[in-house]
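Open the model in your viewer and keep the selection tool at hand. The stops below go from a helix pair to a strand residue and then to the ligand.

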Amino acid sequence: MTKKDMIVAGVMSGTSADGINVALVRMQSRPTGSDISSGLRGRAARSPTNRSHAGFELLGHAEYSYPKKARSAVLAAMNASRASVAELARLNFLIGELYADAVLATERRFRVKAQLVGCHGQTLYHQGEPQSFLGRKIAATWQTGEAAIVAARVGVPVVSDFRPADMAAGGKGAPLVPFLDYLLFRDARVGRIVQNIGGIANLTAIPAGATANHVIAFDTGPGNMVIDAVTERLFVQPFDRGGKIAASGKVLVKVVEQILQRDFFRRKPPKTAGREEFGREFVREFLRRCGRCAKQDVVATATALTAKSIADAVRKYAIRQTSSARTQGFQEMILSGGGAKNSALVDMLTTELVPLGLRLRLSDEFGLPSAAKEAVAFAVMAHATWHRRSSNVPSATGAKRAAVLGKISYP
Ligand SMILES: Nc1ncnc2c1ncn2[C@@H]1O[C@H](COP(=O)(O)OP(=O)(O)O)[C@@H](O)[C@H]1O
Ligand SMILES: [Mg+2]
C-alpha cells in the first residue's frame, strides 16, 4: 500500500430492498476514471483478472438483511402513491443508521478501516425521463439514507446521492455501474455483455476493443422483482431460494410472449426501469394473466419472463442488428447480482443464450463475487468523486457530458 492508496467502503442497497451490501476496496493511487467518461481514449484492454488494470483490490464483502420492519417500511414507501412526510424523514435517518451499522460491522469483520465511504442509498423513486409537472418538464430521483449520519458514526467523509448530477447533465441518472463494468471487463478480443440481475435487470454491452463511448447500457426489465413478489404472495417466502419452485413448475409461454409486447420492452435504449414499471400494479396484471394455473407455474413463468426479456434485449438492442455477434466479438455474458443464485433462472438464461453465441460466466470467476459488484462500483465511483473526477458513462445514461457524481458529507 503506498501512501496515496485509499481504502473505500462501497455501500449498496438495491430495488429488491433485501438489505445492504458493503464492499471494502483498496483503491490505488493512480485514480481510475480519467479515461472513461471524459473519454474517449480507452487503453488497450488487459485481462480483467489483472486487478491493477482497474486500479483496485477487493478486501472484503459482507451482506446484511434489513430488519423485517425496516424492509416493509422501505417497500411501502416505494410503492406508495401517497406517503407521510414525517415518516419519510424518519426513514431517511433510520436507513442512515442501518448503513452505519453495516459499514462498522464490515470494518470489524475484516479488521480494515475505511477512509472514505461511497453510499448509493435506497432508491424510493426514480423517473429518469422528464415528465410534465406543475408546468415544467421534470426528471426526478430520490435515494434515501442520511449520509451525514453515516459520516458521523463511521468517522470518515461519505459520498452519496450519485444520480442527480448525471440527470442535471441531461442523463437518466442510471445506469451508473457501467463505469465499473467497463474498467473491469473490456477486452481487446472478447466482446462482453455484463448482466446484473438485482430487483431490476440491467446490462452493459462492451464490444471487443471498445472505448468508453462504445459502451451501451440499459435496464432490460424485471430481474428478481416479479419472481420475489409472486413467491411472497403465493408461497409466503421472500424469494425462490435456488430457483427450486420455478424448477418444479411449467412456463406459461403465452403469458411471457404477451408481456414482452409491452411498451417498455419495445422501447429502444437508453431506458431505465424500477418499481414504477414492475412493482405492485404490474404483478397484479401478471397474476391475472396467469389465471388459475398451479402456483409453481406462476413462479416458473415469472422466472422465464426475466430470462427471455434479457435474451430479447441482448438480441434487439445490445448486439447491433446489422452485424453478427461475432463481428463485434461478443462471446460472453458475465452474470452478477442475487439472480445469479437462482439456478432455474440461470438454466433458462443459458438456453436462451445459445442461439446468440454467448457463453454464460459468473463475475465470481473474475475475482468479483456476484453479490459484491454493485457495492464495489460505488466505492470506485466515490473515489473518483473524491478526486473530482467524473464517473458517469454518457453513452450509458444519455448525459450530454461527463459529470462528477455525488455529494460529500463530512464527519
Ligand atoms: N439463494 C438465492 N436463490 C435465489 N434467489 C436469490 C438467492 N439469493 C438472492 N436471491 C435473489 O436476489 C435478490 C437480491 O439481489 P440483489 O442483487 O441484492 O438485488 P438488489 O440490487 O435489487 O438489492 C433477492 O431478492 C432474491 O430474489
Ligand atoms: Mg440487494
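Start by selecting Phe93, Gly96, Glu97, Tyr99, Ala100, Asp101, Val103, Leu104 and Glu107 in α2, which meet Ile149, Val150, Arg153 and Val154 in α3 (contact means heavy atoms within 4.5 Å). By class, this contact has 8 nonpolar, 1 polar and 4 charged residues, where Ala, Val, Leu, Ile, Met, Phe, Trp, Tyr, Cys and Pro count as nonpolar, Asp, Glu, Lys and Arg as charged, and the others, Gly among them, as polar.

Now show both helices whole: α2 covers residues 85–110 and α3 residues 147–154, with an angle of about 35 degrees and axes 8 Å apart. Helices are DSSP runs (H or I, at least four residues), and strands are E runs of at least two. Axes are lines fitted to C-alpha atoms over the stretch in contact, and angles run from 0 to 180 degrees between N-to-C directions.

The model is predicted: local features need pLDDT of at least 70, side-chain atom pairs pLDDT 80 or more, while totals for chains, interfaces and linings use all residues. Residues are numbered from 1 along each chain as written, chains are lettered from A and ligands numbered from 1 in written order, and side-chain values use heavy atoms, without hydrogens and water.

Next, select Thr123 in strand β4 (residues 116–133). Its side chain makes a polar contact with that of Gln143 at 3.1 Å (N or O atoms within 3.5 Å; within protein, one must be able to donate a hydrogen and the other to accept it, and residues adjacent in sequence count only if both atoms are side-chain atoms).

Finally, select ligand 1. One of its oxygen atoms is 2.5 Å from an N or O atom in the Asp228 side chain. For Asp18, the corresponding side-chain distance to a ligand 1 oxygen is 2.9 Å. At Gly338, a backbone N or O atom lies 2.8 Å from an oxygen of ligand 1.
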